[in-house]
Amino acid sequence: MLTRIISGVVGVLILAVVLYFHNTMVLPIAVAVIIAVMLYELLRAVKMHKCVPVLIATEICGIVTPLLSASLKDDPIRYITGIQYSNPFAHDNEIIHIMQFVVTLLCAFVIFVTWLKKHKKIRYEQIFFTLAVMVLVPHAMSTMILIHNYDSVDGLFLLIMALCGAWIADTGAYFSGVALGKHKLCPEISPKKTIEGFIGGILTTGIVYAVAFCVRGGFNVQNVVIAFILGVVCAVIGTVGDLSASMVKRQIGFKDYGNIMPGHGGLMDRFDSVLFVLPTFYAFIVIISVI
């Protein structure tokens with residue numbers, strides 16, 4: 001327990017330093033490092049981490065994506081969806097998206113060529129798992145940068161709330177489960193999760209979101225309702241992400257994805273729910289203003 005607490009405190013301190021320097025390149029570099037570690041842990045889970053060409057291609061795609069995302073200007077989601085608005089950086093954004101696509105395509109090409117050369121040792125499940133995480137993890141985690149850059153004033157606040165959308169739910173679910181938990185949620189995937197804990201995590205996140213957004217933007221009934229709904233959605237999506245990552249571990253036979261955080265496992269174990277929450281949070285604040 002002591003090791004887990006110390007490891008958690010160290011993790012929080014590192015996160016605090018990164019957020020303190022949020023307006024510098026520290027944030028995208030930190031995101032790139034997190035993505036690189038998560039990809040390595042996932043490739044290790046399917047025994048692809050020792051295949052050097054595949055590992056290098058996957059890591060390059062993972063590292064380049066957040067660094068390019070940091071260069072996007074003026075709400076890229078609205079630009080991508082084609083909503084009409086004045087954006088002097090539209091041409092620059094288009095070039096960045098093309099660069100991201102080209103990098104992903106080249107990395108996928110390297111993976112397929114490697115598969116052709118080593119088809120007797122590498123199975124298709126490993127290849128398509130690698131391709132899936134190579135696209136999902138970098139783009140989902142890079143949403144941290146997009147959320148931060150979405151608003152020049154409240155960007156840091158929104159980023160913190162996006163991260164809390166997953167972690168508050170975990171905390172609320174844990175204490176609710178300990179106090180009230182009787183009915184198992186998914187016993188074969190995550191034996192400790194209960195329906196009562198799941199509901200507790202949802203309500204806790206919704207309430208915290210409602211209070212936090214009121215403190216930040218002022219009290220307004222409509223904003224309270226929207227913030228509460230956003231918290232509920234993030235809690236549900238985060239639980240799906242957590243259970244999905246746990247299911248992969250169960251089928252592979254892993255206890256944890258890594259041991260970079262003693263007592264907590266790997267970064268994938270810590271960011272599995274965040275992986276799903278970040279894009280959901282970003283899509284929500286783009287479609288519906290909450291601040």
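Tutor: In this predicted model, Ile 195, Ile 199, Leu 203, Ile 207, Val 211, Val 215, Phe 219, Val 221, Val 225, Phe 228 and Ile 229 form a nonpolar patch on the surface, with about 1000 Å² of accessible area together. Patches are made of residues with over 30% relative accessible area and no salt bridge, with like charges joined within 9 Å and nonpolar side chains (Val, Leu, Ile, Met, Phe, Trp, Tyr) within 5 Å. A salt bridge is a side-chain nitrogen of Lys or Arg within 4 Å of a carboxyl oxygen of Asp or Glu. Accessible areas come from the Shrake-Rupley method with a 1.4 Å probe, and for residues only the protein chains shown count as cover.

At least two residues of the patch come from each of α9 (195–217) and α10 (221–252). Helices are DSSP runs (H or I, at least four residues), numbered from the N terminus. The most is given by α9, with six residues.

Ile 207 sits in helix α9 and is partly exposed, at a relative accessible area of 49%. Val 225 belongs to helix α10; it also counts as partly exposed, because its relative accessibility is 43%. Partly exposed lies between buried (under 20% relative accessible area) and exposed (over 50%). Ile 207 and Phe 228 are 21 residues apart along the chain, and their C-alpha atoms are separated by 6.1 Å.

Residues are numbered from 1 along each chain as its sequence is written. Local features need pLDDT of at least 70, side-chain atom pairs count only at pLDDT 80 or more, totals for chains, interfaces and linings use all residues, and side-chain values use heavy atoms, leaving out hydrogens and water.

Terms used: Buried means under 20% relative accessible area, exposed over 50%, partly exposed in between (1.4 Å probe, protein chains only).
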